[in-house]
Amino acid sequence: MRGQWGYVAISFVMGIAIAYSSFRLLSVSIFGCYILFCIYRTSRQVFVFCIVTCASSYLYTSYVEWKNQPSKGLNFEMTEGVIQTTPLINGDRLSFQIEVNDGDTLQLMYKIQSAEQKEQLRKLHAGMSCAFQGEMKVPPEARNFHVFDYRNYLHKQKIHFLFEAKEILNCRQNSLTFTQWVFLLRQNAVSKVTEMFRGQSGAFMNALLFGDRQQMTFEVEERYQQFGLIHLLAISGSHIVLLMAIGYFMLLRIGITREMTTICLVVCIPIYMFLAGASPSVIRASVTGVMLLLALMHSVRISSLDALSMTAIIMLLYDPFMVFDIGFQFSFVGSLALLLSANRLLQRNNSLIQNTIYLSVISQLASIPILLYHFGYFSPYSIFLNLIYVPFLSCIVLPCSIIIFLCMLFIPFVSTWLAHGLSVCLMFSNEILQYCENLPFLRLTFGQTPLFLVVLYSFSIIGIFVVWEKAIKKCILSIAAVLFLFICICHYVSPYFRASGSVTFIDVGQGDAILIRLPYDKGIYLIDTGGTIPVKKEAWQKKKHEFSVGYDILLPFLQKEGIRKIDKLIVTHGDTDHMGAAKEVLSSMTVEEIVFGRKQEDAALEKELKQIAKGKHIRTNVVGEGDGWKIDGAEFVVLSPEGKEKADNEASIVLWAKFGGLTWLFTGDLEEEGERRIIEQYPELRADILKAGHHGSKTSSTSSFLNLIQPKKAIISAGEHNRYGHPHQQVLERLLELEIEIWRTDKQGAVFYVFEGERGTFRSKLTYDEAQKR
């Protein structure tokens, strides 16, 4: 089996994928193609072993999933539990996992009451027992298509309930397990670094030495994310190798034998694995390192590829769900790509610059399918920036962080000076990334990438690696590269050949945001953006990143939808819940035109948005009754405002539209007075679909207005458990009385209509998920 463990590891992963995939037929088909490949590349023994491994993996994962169910009767308001993870304090929020009832794990959340209490809670650590009073809740589901599913994320960690604590009482120290003791040591080390170095140097030290990015600003982390550099802030194989080399050299220098030095490293690496947070990338690097050292000690020949493959199998035996972790995927795929290209990288005639370029190209190519599947975009600048930042962080920042940390323990005043110098370097590097944000084509947005395309990308990239590594003729390499580029181009331009269109009533909480996408992307219109009403907080209450409808809901959804530009951003009126996130949209996406309603005086947010649009040279258009446009058979007509309305809600843009075989009426926050004017002005007005005014308020959707419009369906955009009581019961009764079908974002999540020609279908996020489960 020497040199063949890679095939076995891939078979193990495919067994997990078949067991957990909702597209089981596709997964089995892919495995069938892989088996045919194994027949061609391996011996009959390995071929049989791969089939047995896949079947065993499938059965094992199915059993683990069958066991991963919530305990019956697990519901209480008062409990005692043991803290399992390092408590995380973010502003006025505390969170950690607790174990109750001898095995059940809950995710605990607590709102800190004061700055003094916050300091007291910093003393909590893994292994402590506390009494908790509060309320158990089921984790929230994803309420929009393509977004992060927190309930599914916790499910894969075998957590099925949240516990919202109101009080934390009687905390006491228990005897610590070895793991808890190491986590406590890590928590203290992170706190000490944070206390001594509050600038960029402390944040990067904690990230690179202990895998903790809590002190890193949200803006810096976002820049590293969007430029494909975030992997450099995670502890990886290069970190472990560097630390092993430093430890090996230091132990030899003080006179310890090579055998004892190797034993010390075998003992210390697992300890450091927990000190570094035990993320999948850290576990992978640590386990592989220990395996190679043990093989060296016992004079057993084992290739790096076999060690990596066996590490993957060991980790997945411990937790099959780890295969869905993005860190696990990036870590193993990147390492595998580098190992498969080792022969080419280790050629004697390669210069340092050549190898640096090769490393950057290999790692970025290998990560493209993962990036497209999870995020729907990648930055074309990532390869070039990796050429700069890989050596900078690996050869300068990481060694400096190690030296500063050691100096902090023994000669603190020297560490302060060194940290100041490191902060200057990091500030300069961050400014480079900030400048790059203004470059054109910052990111190539592809949108949600289906699994079959991910497979095509993977095979084409593997083809490039195989041809390049075996030094086959350049013309063959060119063909492989052209094939990859062909897939990329076809994927990128595919929206312009898509005959279907869609309308999505995005669940932005208590607010409106409606995306209209016409066939072949001939028109992309966003009616309102939703928004977050700002809450004044004291300094100690402020989180690393405050929740924002724009950054946390709207923009991720648009990116996953593959939206690259918005032709018209239609701002119905100046309320925060309708246009509060417009600034975030303008800062992150191309907007061709912003449409405002005609009125006597703009609201404060409208004035601000017009100034931003002017600075960005974005066209603005003020519309009123009678304006409209047509495009490719779709028609849009503005029915209101006149421009004389006094109340802001009555000055909402009311838009009648015809496309997808239906007529639509989008009413913003129009209330009774505005509806009365519409009735008088347009006595023949009809619409199949009504976006109910003002989130279903009782002052909107009056009986006379509904009798005029005669809609078949009414869409109500309102926040779940909102404080206004929207939609009002009287409105619901009016709609039911007229046999109008009701769709509500507060109950059903995002509402989606997809059409082709004159036919289309409605579905909602939460009911669609339930149907998928059945």
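Helices here are DSSP runs of H or I with at least four residues, numbered from the N terminus. Quick notes on the model: it is predicted, so local features need pLDDT of at least 70 and side-chain atom pairs count only at pLDDT 80 or more, while totals for chains, interfaces and linings use all residues. Residues are numbered from 1 along each chain as its sequence is written, and side-chain values use heavy atoms, without hydrogens or water.

Take Val397, in helix H16. Val397 is buried, because its relative accessible area is 0% and buried means under 20%, exposed over 50%, partly exposed in between (1.4 Å probe, protein chains only). Leaving out residues up to four places away in sequence, Val397 touches Phe204, Leu208, Phe392, Leu422 and Leu426; contact means heavy atoms within 4.5 Å. The C-alpha atoms of Val397 and Met205 are separated by 8.2 Å, yet these residues are 192 apart along the chain.

Now Leu406. Is Leu406 buried, partly exposed or exposed? Leu406 lies in helix H16, and Leu406 counts as partly exposed because its relative accessibility is 38%.

Note on methods. Helices (H or I, at least four residues) and strands (E, at least two) are DSSP runs, numbered from the N terminus.
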